Every structure is written in structure tokens, then in C-alpha cells.
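Please read this note beside the sequence and the model, point by point.

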Amino acid sequence: TYDGYELVIHDVENLAIYADVPEATISAQPRYANVLNFENCSHLILDGFVAGHTVEPGECAGGVLSFISCDEVLINNARLYGCGTMGISATNCRQLSAIGTEIYECSYGAVVFTSCQDVSLLRCDIHDCGKKGTFSAFQLISADNSEGFALVNCQVHDNNANELFANSYTEEAYLLGTKVYNNQVNNS
């Protein structure tokens with residue numbers, strides 16, 4: 001990347017990254033790097049770790065978890081923090097689920113899904129995104145040109161964004177049992 005290196009894991013199957021201690025952290029210092037990138041992978045399990053950037057919020061151009069053309073991804077009980085631009089970004093992915101995951105203090109938004117199928121966030125806590133300095137998140141949760149997106153039994157609170165939910169050309173998008181409160185919405 002512009003200011004350093006980023007890890008790209010590609011063309012693997014059946015990879016699991018587990019933390020055996022609660023505060024195990026994967027971090028990146030380069031501001032333009034995603035913390036973990038996965039390309040053309042399938043059957044991934046990311047479980048129980050903390051991931052984010054080590055520089056001040058609002059200064060990053062890279063996200064936390066990035067997936068391109070991946071299938072059957074499970075993010076379980078992770079904590080994803082800023083200053084990453086996005087907590088989770090996925091393009092052309094199928095069957096991606098985040099369960100019991102906390103996404104917080106990300107600069108531009110929490111999640112963005114583009115051209116994905118069957119994506120779900122279950123019991124996730126999304127908070128304090130877009131709140132550093134004069135920043136506000138653009139679109140906190142975004143699903144573009146996707147099919148089957150669900151936000152179920154989550155909490156979305158204390159965020160500052162231009163839009164909380166953006167859905168363009170996405171079929172079967174659901175918001176079920178989710179508590180949305182104490183957010184500042186600037187444009188919508």
C-alpha cells in the first residue's frame with residue numbers, strides 16, 4: 001500500500017483463525033492497509049480476536065476485514081475497531097455471516113456489501129462509528145447490488161453518519177429484531 005505492506009490471504013480453503021485468549025489482537029500500522037484481506041477463499045472461520053489499526057481514528061484509508069470473491073465466511077465473536085475505514089467490506093461474496101461481533105470506532109462506516117449473496121449480521125453491536133473529530137460515517141451499513149441481506153437481533157447505537165442504512169439494487173434485505181437508537185444522522 002501507499003505507506004507500507006498489507007497481508008493478503010488468497011486461494012485458500014478451510015482456514016480458521018481462532019484466538020485462545022480474549023484480547024488477542026491483530027493490528028496494522030500502515031494507514032492505507034486493510035488489517036486482513038481475503039481473496040478467492042472459501043470456508044473461512046475468524047473467531048474471537050480483536051482487529052484494527054494502531055494509528056489515531058480518522059487517519060486511515062484502509063479497513064479492518066476485507067473479502068473479495070469469498071464463499072462461506074463466518075466471523076464469530078470478533079471485535080473490529082477503527083480507525084479502519086470500514087469494519088467489514090465484502091465484494092462478490094456468498095454466505096458471509098458475522099455473529100456476536102462488535103464493530104466500533106470505524107471512520108467511514110461499519111459494513112459494506114457489494115454484489116454479495118446471503119449475508120447476515122446476527123447479534124452484532126455496531127457503535128461509535130464516524131464520531132472522531134469532524135468526521136461522520138458516510139453510510140453506516142450498506143448493501144449494494146446484493147441478494148439476501150439480513151441484520152438480525154443487532155444493536156446499532158451511538159453512531160454519527162450521513163445515512164444509517166443504504167440499500168441500492170438489493171433484493172431481500174431484512175432488518176429484524178434490531179435496536180436502533182441514539183444515532184446522529186446528518187443528511188437523511
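The points below take up the basis of the note, the core, the strands, the salt bridges, the cysteines and one histidine.

1. This is a predicted model, in which local features need pLDDT of at least 70 and side-chain atom pairs count only at pLDDT 80 or more, while totals for chains, interfaces and linings use all residues. Residues are numbered from 1 along each chain as its sequence is written, and side-chain values use heavy atoms, with hydrogens and water left out.

2. The largest nonpolar core has 44 residues, and those with the most contacts inside it are F38, F67, I75, I88, F113, L121 and L140. Such a core is a set of buried Ala, Val, Leu, Ile, Met, Phe, Trp, Tyr and Cys residues joined through side-chain atoms within 4.5 Å; buried means under 20% relative accessible area, exposed over 50%, and partly exposed in between, with a 1.4 Å probe and protein chains only. Strand β16 (residues 137-144) gives the most to this core, with four residues.

3. Strands here are DSSP runs of E with at least two residues, numbered from the N terminus, and two of them pair if DSSP finds at least two bridges between them. Strand β16 pairs in the parallel sense with β19 (residues 160-168) over six bridges, and Q139 has E163 in β19 as its bridge partner. Strand β19 also pairs in the parallel sense with β22 (residues 184-185), over two bridges, where N160 stands opposite Q184.

4. Four salt bridges are found in the whole structure, each being a side-chain nitrogen of Lys or Arg within 4 Å of a carboxyl oxygen of Asp or Glu. In one of them, R94 in strand β11 and D71 in strand β8 are 23 residues apart, with their closest N and O atoms 3.2 Å apart. E102 and R79 form another, at 3.1 Å between the closest N and O atoms; because E102 lies in β12 and R79 in β9, this pair ties together parts that are 23 residues apart in sequence. E23, R79 and E102 are linked in a network of salt bridges.

5. How many disulfides are counted? The count is zero, a disulfide being a pair of cysteine sulfur atoms within 2.5 Å. For C41, the nearest cysteine sulfur is that of C70, 4.6 Å away, and C41 is buried at 2% relative accessible area.

6. H53 lies in strand β6 (residues 50-53) and counts as buried at 2% relative accessibility. The side chain of H53 reaches the backbone oxygen of A33 at 2.7 Å.

Notes
A polar contact is a pair of N or O atoms within 3.5 Å; within protein, one must be able to donate a hydrogen and the other to accept it, and residues adjacent in sequence count only if both atoms are side-chain atoms.
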